[in-house]
Amino acid sequence: MTGHNDAVPTGGTPDQPDLAGGLRTLRTVIDSRLAASLNSCVHCGLCAESCHYYLATGDPKAQPAFKVGLVQSVFKRYQTISGRLFPALTGARDFDRGTTDEWIDSLFGLCSMCSRCTLNCTVGLDITRIVRAGRTTLAAMKLVPSELQTTVDTGVQSGNNMGISKQEWLDTAEWLNEELQQELASDSILLPIDRSEVNVLYAVNPREVKFFPMSLMAAARIFYAAGESWTFSADYYDVTNYGLFSGDNKAAALMSGRLQDALRKLKCRTLLLGECGHGYAANRWEAPEWFAATPEFQITSIVSLIADYIKQGRIKLNPSRNTKRVTLHDPCNLVRMGGVIEDQRFILNRAVTDFVEMYPNREHNFCCGGGGGQLSMTRFARRRIEAGKIKAEQIRKTGAKVVATPCHNCVDQLSELNKEYKLGVEIKTIAEIVSDALILT
Amino acid sequence: MTAASALHLGLAVAAIYAAVALTFMVLRISTLGRKSLFSRPAGSESQGIRYAFTQGMMPSAKESVRMHQPTFIAGLLYHTGVFAAAFNLLLALLHVPIPPAMVLIIRVVMLVGFISGIALLIKRLAMPKMRIISTPDDVIANIIVDLFLATSIAFTMSKTLEPWLLGISILLLLYIPIGKIRHCVFFFVTRLNFGRLFGRRGVLPHAAERKQVNVR
Amino acid sequence: MAQIEINGAKLELNDEGFLTDPSQWNKEVAAFLAKAEEGLETLTDEHWSVINFIREHYLQNNLAPMVRSICKTTGLPLRRIYELFPSGPAKGACKLAGLPKPDGCV
């Protein structure tokens, strides 16, 4: 998902989209790797069952090859010689309102960008990047579903995707700090803000700040136990990046850039990404491409850092505090597309007494259904819940009472699945489980 | 110029055209976008590429293949038949004598390939799920290759069919760059990129060692 | 979209069970949603203190309040909020208070 090709801003409105501008954008986002992919699909159809949307519904339009075909047909029509000469033969297709409507319904409405099809493609097409190229094209024409677009806009305008004011953020941090000081009988600052020249700048999901601050306290407890030198930034702390999902590279780069700037301003050594799948993929893997620059600092997931603490003996855990059976959901963007695969397992094996895998797992795991911006797009909520059936069944088969997952976006979708499919489980982040097992001396 | 030598010349021209067109297409796309990546690798691109072309090609490597064994096997036999037919054509053009036993083997391989090709075509046309992702090119490419296999088989039984074999071969070569058969070169480019992507991110090749753990 | 009827008034819920038109909210709607969405048979004073505060905050600011404000105003400890509303403050309490779905990963 190299994003050096910014969406070319076009005129037009959602009602009168600038189709020519959209085509210009498509041309710029198709780099050599994508063009190779688009020239390689043989429509074998074997990818269908890798997709949870297809598995859950059997809708032939949900199969990845169909989504690839939507973009491929337009690519052929305007960017290949045979497609221009023989459109009917090659399945090349004009880019018109009918096409954009289908793209919106399919590329936004039937894909969580989980990349399971990419891993399973018999040829090796980067299907997720093809879908994202389509989304970038739609973004340039202002055709991103409004619920997803407002999440991006809120992030761009307020500095975080929930529109939390700076005062509210500082008040919340102070409140949590007081609670934690009381709990740990400590008078040092346990949730530091804007401390400079420390090791770690910690970025989190704004939903933790607004609605679910227990996980912030859990992380602070772990840092306290490990003796970590760390800080939050008063200005920019949002690890999420919905520009990755809307396809808008300019917004995406702006948001990731703010985290990088906050780190440079505070002269920290490590940008520590909270438990967020797409936030990891965006900031760890995509942002360097958006800026065409290798960051001079480390970018790490808190999952990897916690695993290091355990390995180095910086924190000690008592697993008998977590005796319920725990299974693990692998967030696609952290695991399959992120490469953080074993650390969460290493941790759980030491933080709980009864850890069981669900199957398939690791990079083969199924998406919870909440990725790709699906959680924000209410208009596609029914499909999201229905597609989540695959994950629900995976969980049910483990007999687990707790589902651990290092991603707050997954937590929310899993919570909905828990309710819808009556799984009777608790959903927890890794930090929360570690915090519960932490031996504080 | 005799009809036979005209066909030979035509075949040579078609082969050169196909090679030039495919080379042009690969070079053309290689100019698009930026080449270097800036994220710090977590794994090894070269190991990922090696995996992509070795263990990653095994039928056990991908769930999509494990779930579709008959299609995978048909595809494998189809491609093997095509390679056998190309080999057969090359030997005929070079007037290399082939021992009868080998002729028989080649013929069987091509026949199995032909049957597989027809089976895949029927699957594509019969299943709604396949029809919706198919274009005329998907059908035509299959038919042209099936014809190539059929004439190759017939040619092994009667050398008098050489003009037919040459004619169909010319048609095939002319069609390769136009439609999906271009994957004969793009497959390798895409596969390479696949290995680079998952290798760089530290996802593959570790997966292969963990196969037993991952899936049940 | 789902249609519901409460005391003769027709209301529309979106696909996530949030009230389509927040101005149609009243206590009966809250009680209905509590049962339908959260499985709560009755709403206690603790529930109402949270719901009423969220509602007031929304009418004044057009935004859901921070969970910190909810705790500070109602005097309830943080953990209690999640016990009261199984789906949490966003998809639980805010929904019952008739707010539209908040932005972000919720």
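This is a predicted model: local features need pLDDT of at least 70, side-chain atom pairs count only at pLDDT 80 or more; totals for chains, interfaces and linings use all residues.
Me: Which two chains have the most contacts among the pairs that touch?
Reply: There are 2 pairs of chains that touch. Chain B and chain C are not one of them, their nearest C-alpha atoms being 25 Å apart. The pair with the most contacts is chains A and B.

Me: In the contact of chain B with chain A, which helix of chain B gives the most residues?
Reply: The contact takes 54 residues from chain A and 51 residues from chain B. On the chain B side, at least two residues each come from H1 (3–30), H3 (63–66), H6 (128–131), H7 and H9 (183–200). The one that gives the most, with 9 residues, is H9(B).

Me: By class, how many residues on the side of chain B that touches chain A are nonpolar, polar and charged?
Reply: Chain B puts 51 residues into its contact with chain A. By class, these are 23 nonpolar, 15 polar and 13 charged.

Me: How are H4(B) and H7(B) oriented to each other?
Reply: H4 covers residues 69–93 of chain B and H7 covers residues 136–157, and their axes come within 10 Å. The axes cross at roughly 50 degrees. Parallel would need an angle under 35 degrees and perpendicular one of 65 to 115. The two helices are therefore oblique.

Me: Is the crossing of H4(B) and H7(B) left-handed or right-handed, and what classes of residue make the contact?
Reply: The crossing is left-handed. From H4(B) come Gly81(B), Val82(B), Ala85(B), Asn88(B) and Leu89(B), which meet Val145(B), Phe148(B), Leu149(B), Ser152(B) and Thr156(B) of H7(B). By class, the contact has 6 nonpolar, 4 polar and no charged residues.

Me: In chain A, which helix gives the largest share of the side of domain 1 that touches domain 3?
Reply: The domain assignment places domain 1 of chain A at 19–143 and domain 3 at 316–437, with domain 2 at 156–310. The centres of domains 1 and 3, taken over C-alpha atoms, are 29 Å apart, and 15 residues of domain 1 are in contact with 18 residues of domain 3. H3 (52–57) and H8 (116–120) of chain A are the elements giving two or more residues to the domain 1 side. The largest share, 5 residues, is from H3(A).

Me: Is Asp194(A) exposed or partly exposed?
Reply: Asp194(A) lies in the loop between helix H11 (166–184) and strand S1 (200–203) of chain A. Its phi is near 55 degrees, a positive value in a residue other than glycine. Asp194(A) has 14, so it counts as partly exposed.

Me: Is Asn7(C) buried or exposed?
Reply: Asn7(C), not a glycine, has a positive phi of about 50 degrees. The residue is in the loop between strand S1 (2–6) and strand S2 (9–13) of chain C. With 8 other C-beta atoms within 10 Å, Asn7(C) is exposed.

Technical notes: Residues are numbered from 1 along each chain as its sequence is written. Chains are lettered from A and ligands numbered from 1 in the order in which they are written. Axes are lines fitted to C-alpha atoms, for helices over the stretch in contact, and angles run from 0 to 180 degrees between N-to-C directions. Helices (H or I, at least four residues) and strands (E, at least two) are DSSP runs, numbered from the N terminus. Angles under 35 degrees count as roughly parallel, over 145 as roughly antiparallel, 65 to 115 as roughly perpendicular and the rest as oblique. A crossing is left-handed if the near helix is turned anticlockwise from the far one by less than a right angle, and right-handed if clockwise. Two residues are in contact if their C-beta atoms, placed from the backbone, lie within 7 Å. Ala, Val, Leu, Ile, Met, Phe, Trp, Tyr, Cys and Pro count as nonpolar, Asp, Glu, Lys and Arg as charged, and the others, Gly among them, as polar. A residue is buried if 20 or more other C-beta atoms lie within 10 Å of its own, exposed if 12 or fewer, and partly exposed in between; C-beta atoms are placed from the backbone. Domain bounds come from an automatic or database domain assignment.
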